[in-house]
Amino acid sequence: MSSGRQATGVRRPPEGDRMTRWMESRLGVRGTARNAMRRAFPTHWSFVLGEISLYSFVVLVVTGVYLALYFHPSTNQVVYHGSYRPLQGQHVSEAFNSTMHLSFEVRGGLLMRQAHHWAALIFIASLLGHMLRVFFTGAFRKPRELNWLLGFALLALGMFAGLTGYDLPDDLLSGTGLMIVNGTVLSIPVVGTYLSMFLFGGAFPGGDVIARFDIIHVLLIPAVMVGIIAAALVLERRHGPTQYPGPGRSEKNIVGLPLKTYAMKTAGLFFVTCGVIFLFASIAQINPIWLYGPYRPDQVSAGSQPDWYMGVADGLLRVMPGWEVSAWGHALALDNLVPLIVGVGFFLFLAVYPFIESWVTDDDREHHVLDRPRNRPVRTGIGAAWISVYVVALVGAGNDVIATHLHLSVNAVTWAVRVSLFVVPPAVFTVAKRWALGLQRQDREKVLHGRETGILKRLPHGEFIEVHEAVSQKQLHMLTAHEQYQPIGTGPGAASGRTQRLRSRLSRRFYGEGTQIPKPTVREFKEISERHRQ
């Protein structure tokens with residue numbers, strides 16, 4: 001007869017061990033967890049940009065789910081009877097009515113709306129900053145080309161998500177943005193009319209645009225973005241993290257924090273990111289649709305400004321002359337088509353640049369140690385010029401606001417932006433390149449002669465000299481560890497095809513004379529060091 005008790009002397013394993021064995025028998029995660037515990041995570045302040053974009057995306061998803069519970073994506077007209085008195089009795093769409101209800105009647109609704117909008121702005125800003133960090137440090141080199149393309153796709157999708165998102169409330173500002181979108185789509189030859197009819201469900205403004213944008217914004221784009229983020233994390237796990245140059249760091253090892261320490265730091269960053277977003281949402285008003293009113297096709301709100309990340313597109317549209325040509329019985333609206341082509345090309349150049357540099361450099365090795373931007377002057381100049389185009393176009397997007405606030409002519413501001421789009425990028429490229437070369441020259445002097453101490457010494461014959469202090473081995477390694485490429489295809493046995501000639505010409509532009517300061521040789525360093533000892 002059983003007494004229902006366990007046999008004496010048999011100890012049950014702890015609950016944690018039982019759970020671990022259960023998970024291991026079904027998922028086989030022990031080996032993965034053990035490998036993760038042995039990983040090192042390099043630290044640098046610029047690495048947090050990618051983490052901030054990830055955590056703000058989490059806030060976007062959470063707040064977006066909350067907003068979707070109350071939003072009605074319909075353009076059907078209803079009479080507004082909400083608590084905002086200036087609009088009571090007016091005919092508005094269900095989309096606008098539900099957004100007003102969410103802002104004024106739902107507890108915490110306005111906070112969630114503004115947190116969602118601020119999270120979108122921070123997501124794009126941190127992701128763009130992360131991409132620029134990757135660009136300037138050469139983190140896109142083999143084997144991370146796919147990571148770069150995934151990041152670029154995530155940036156483009158984030159911008160389209162923002163565009164479709166702020167069009168959903170169906171207020172006057174979003175309607176103005178839709179008018180611009182419709183004009184740009186219509187300017188596409190052959191297929192523009194069909195794309196507009198499909199997008200808006202008929203002639204503008206159509207009756208289905210809010211419902212279709214809601215599906216794109218809530219379902220399609222987030223699903224693709226989640227897939228891209230997952231793929232990027234898998235590739236990051238496969239290739240390992242990059243690291244900045246320093247003592248003990250090479251292409252074959254990683255120096256950084258253990259997983260436990262890194263997990264605590266990144267968890268703290270997650271809560272700080274969420275706190276900052278909700279702090280902004282609490283004290284900084286954004287997108288007050290009750291001030292704009294419902295959308296009407298016959299009205300345009302003065303001072304309409306898009307979110308900053310769409311400023312480059314809006315700026316190019318505003319400064320483009322109103323050109324139109326006729327060809328084969330059809331009119332081409334160049335005032336919309338040219339900015340569309342230039343804007344797409346502007347971002348596509350950033351996407352394909354890693355492959356251009358790889359082709360010009362002819363370097364097929366794997367790289368896990370990052371470049372210092374000063375050691376790649378041409379790349380640094382190109383990135384700075386790209387940023388300058390973005391900034392100038394962003395200024396063009398606010399030409400009316402700048403004119404009214406500074407009491408200037410709108411035409412004068414527009415012409416200034418037009419000229420700047422051609423003058424500023426080459427000037428910025430030259431300045432950034434020369435700046436990088438100057439920093440290289442400073443590093444060379446520091447390696448050969450040491451660090452300036454600010455101490456003056458008088459020699460026996462009356463001459464005054466400044467005392468220099470030799471740099472540490474750590475600094476010496478950081479200043480001399482980078483590799484300097486040489487132009488390719490310049491030897492007597494080089495191929496003479498047109499493609500090879502173009503490749504050689506570009507290679508000389510990147511790594512030829514005047515593009516880098518030669519590093520000190522071992523012989524130079526020893527000779528000058530012995531002279532200083534004497």
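**Charges, rings and helix packing**

Modeller: In this predicted model, Arg212 has its charged end over the ring of Phe198, 5.4 Å from the ring centre.

Biologist: What makes the charged end of Arg212 count as sitting over the ring of Phe198?

Modeller: The cut-off for the distance is within 6 Å of the ring centre, together with a position within 35 degrees of the ring normal. The distance for Arg212 and Phe198 is 5.4 Å. Arg418 is placed likewise over the ring of Trp415, at 4.7 Å from its centre.

Biologist: At what angle do helix H8 and helix H9 pack, and why are they called roughly perpendicular?

Modeller: H8 (residues 192-200) and H9 (residues 209-239) pack at about 85 degrees, their axes being 7 Å apart. Angles of 65 to 115 degrees count as roughly perpendicular, and H8 and H9 are therefore given that description. On the H8 side the contact is made by Met197, Phe198, Leu199 and Phe200, and on the H9 side by Val209, Arg212 and Phe213. These residues divide into six nonpolar, no polar and one charged.

Biologist: How many aromatic pairs does the structure hold, and why is the pair of Phe57 and Phe123 called tilted?

Modeller: There are 27 aromatic pairs. The ring centres of Phe57 and Phe123 lie 5.9 Å apart, and their planes stand at 40 degrees. The pairing limit is within 6.5 Å, with planes under 30 degrees counted as stacked and over 60 as edge-to-face; at 40 degrees the pair is therefore tilted. Phe57 belongs to helix H3 and Phe123 to helix H5, so the pair ties together parts 66 residues apart in sequence. Both Phe57 and Phe123 are buried.

Modeller: Trp308 and Tyr390 also form a tilted pair, at 6.4 Å centre to centre and 45 degrees between the planes. Trp308 is in the loop between helix H11 and helix H12, Tyr390 is in helix H14, and the two are 82 residues apart.

Biologist: How do you know whether Trp308 and Tyr390 are buried or exposed?

Modeller: Buried means under 20% relative accessible area, and exposed means over 50%. Trp308 is at 29%, so this residue counts as partly exposed. Tyr390 is at 7%, so this one is buried.

Biologist: Why is Arg376 called buried, and which residues does Arg376 touch?

Modeller: Its relative accessible area is 5%, and the cut-off is under 20%, so Arg376 is buried. Arg376 lies in the loop between helix H13 and H14. Leaving aside residues up to four places away in sequence, Arg376 touches Asp371, Gln440, Glu483 and Tyr485. Tyr485 is also part of a cluster linked by ring pairs, including Phe135, Trp148 and Tyr511.

Notes:
Residues numbered from 1 in each chain as written. Predicted model: local features only at pLDDT ≥ 70, side-chain atom pairs only at ≥ 80, totals over all residues. Heavy atoms only, no water. Axes fitted to C-alpha atoms, helices over the stretch in contact; angles between N-to-C directions. Helix = DSSP H or I, 4+ residues; strand = E, 2+ residues; numbered from the N terminus. Parallel < 35°, antiparallel > 145°, perpendicular 65-115°, else oblique. Contact = heavy atoms within 4.5 Å. Nonpolar A, V, L, I, M, F, W, Y, C, P; charged D, E, K, R; others polar. Phe/Tyr/Trp six-rings, centres within 6.5 Å; stacked < 30°, edge-to-face > 60°. Buried < 20%, exposed > 50% of the residue type's maximum accessible area, 1.4 Å probe, protein only.
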